[in-house]
Amino acid sequence: MARFDGKAALLTGAASGIGRAASIRLAAEGASVFGIDVDADGLEATAAAVRAAGGTMLTQTADVSSVPDCRRAAADCAAAFGRLDVLGNIAGVCWQEHFGDATEEGWDAMFGVNVKGPFFLAQAALPHLLESDGNIVNIASNTAIMGMAYTVAYGATKGAIALLTRALAMELIKTKVRVNAIAPGGVDTPMTRNFAMPDDADFDLIRPGISPRSMSTPEQIAALIAFVASDEAANIHGAVISADHGLTAG
Ligand SMILES: NC(=O)c1ccc[n+]([C@@H]2O[C@H](COP(=O)([O-])OP(=O)(O)OC[C@H]3O[C@@H](n4cnc5c(N)ncnc54)[C@H](O)[C@@H]3O)[C@@H](O)[C@H]2O)c1
């Protein structure tokens, strides 16, 4: 028996990076994956990789910052597969800027994707997760644990995700639903490849956010998502688990 045989997973950000790797990993372990993203072409590429490996994946173009899109995705996943066992809130956006240059529009956009989406997807998925004794895996960041220059709004969203995880875990503690978060450090994905610090950024302020060890691979984070979402992690609830090559150890 594979760990996710007969189970269904709704994964956001499935078109790229960690979301793509998690889709491939969970499907390889037997899950029927329902992947959503704003990037339709990327979603199709992920689904093609899943299907080429013999897995099952449906896709839906959806914007997680839209509450109706969140509700539609949870309902359609449950309808398509007859159940919903795992919600992986993986989609995210990140950009670097001087604090003084941040705008209200940027703040709202970043919180829309990184916080509002996971909050309302969890709300939409919860009735199904209560039926399946399922679980939620949110993707936070090392920036939920340590301050990093030029990413004040992003760090605020990831700090919010860490406490959203713990608060929801407490509210659900008398159920069998588990809620956890993973806090990666740098991961080699398009997000990090597109990092663009302000031209006049002070490297002394950036250095503490870079591990002397290497970045993680998306597959390493996907493997941790699979473990946390599996029954092997039945005792893990309300945790924010670092996977950052020691970046936040000091
Ligand atoms: N890459 C890193 O170093 C790193 C480190 C810590 C945490 N994270 C977090 O990991 C998660 C995945 O990031 P990644 O590195 O795979 O990045 P990525 O850019 O490769 O993938 C992010 C995905 O989210 C999707 N997305 C963006 N806005 C969306 C929206 N409104 N609705 C639906 N989908 C949307 C994008 O289209 C993309 O497919 C993010 O939450 C990110 O903050 C990444």
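This note sets out numbered points on the sheet, the helix packing and the ligand shell of the model.

1. Basis. The model is predicted; local features need pLDDT of at least 70, side-chain atom pairs count only at pLDDT 80 or more, and totals for chains, interfaces and linings use all residues. Residue numbers start from 1 along each chain as its sequence is written.

2. Sheet. Seven strands make up an open sheet with parallel pairing, in the order β3-β2-β1-β4-β5-β6-β7. Strands (E, at least two residues) and helices (H or I, at least four) are DSSP runs numbered from the N terminus, and two strands pair if DSSP finds at least two bridges between them. The edge strands, each pairing on one side only, are β3 (56-61) and β7 (240-243). From one strand to the next the twist averages 20°.

3. The β6-β7 pair. Strand β6 (residues 178-184) runs parallel to β7 and is joined to β7 by four bridges. Ala183 stands opposite Ser242 in β7. Helix α5 (residues 152-171) lies across β5 (135-139), β6 and β7, and runs at about 160° to β6. Angles are taken between N-to-C directions, from 0 to 180 degrees, with axes as lines fitted to C-alpha atoms, for helices over the stretch in contact.

4. Helices α4 and α5. The axes of helix α4 (residues 104-132) and α5 come within 9 Å and cross at roughly 15°. That angle makes α4 roughly parallel to α5; the classes are roughly parallel under 35 degrees, roughly antiparallel over 145, roughly perpendicular from 65 to 115, and oblique for the rest. Among the residues making the contact are Trp107, Phe111 and Phe119 of α4 and Tyr154, Ile161 and Leu164 of α5, where contact requires C-beta atoms, placed from the backbone, within 7 Å. By class, this contact has 13 nonpolar, three polar and one charged residues. Here Ala, Val, Leu, Ile, Met, Phe, Trp, Tyr, Cys and Pro count as nonpolar, Asp, Glu, Lys and Arg as charged, and the others, Gly among them, as polar.

5. Helices α1 and α2. Helix α1 (residues 17-28) packs with helix α2 (residues 40-52) at an angle of about 25°, the axes being 9 Å apart. The two helices are therefore roughly parallel, and their crossing is right-handed. Arg20, Ser23, Ile24 and Ala27 of α1 make the contact with Thr46, Ala49 and Val50 of α2. Four of these residues are nonpolar, two polar and one charged.

6. Helices α1 and α8. The axes of α1 and helix α8 (residues 218-229) come within 8 Å and cross at roughly 55°, so α1 is oblique to α8. This crossing, too, is right-handed. The α1 side of the contact includes Gly17, Arg20 and Arg25, and the α8 side includes Pro218, Glu219 and Ile221. The contact of α1 with α8 has ten nonpolar, one polar and three charged residues.

7. Ligand shell. There are 29 residues around the ligand, of which Ser16, Gly17, Gly92, Thr189 and Met191 come nearest; a residue is near if its C-beta atom, placed from the backbone, lies within 6 Å. Helices α1 and α6 (190-193) each supply at least two residues of this shell. The shell divides by class into 14 nonpolar, twelve polar and three charged residues.

Key: A crossing is left-handed if the near helix is turned anticlockwise from the far one by less than a right angle, and right-handed if clockwise. Two residues are in contact if their C-beta atoms, placed from the backbone, lie within 7 Å.
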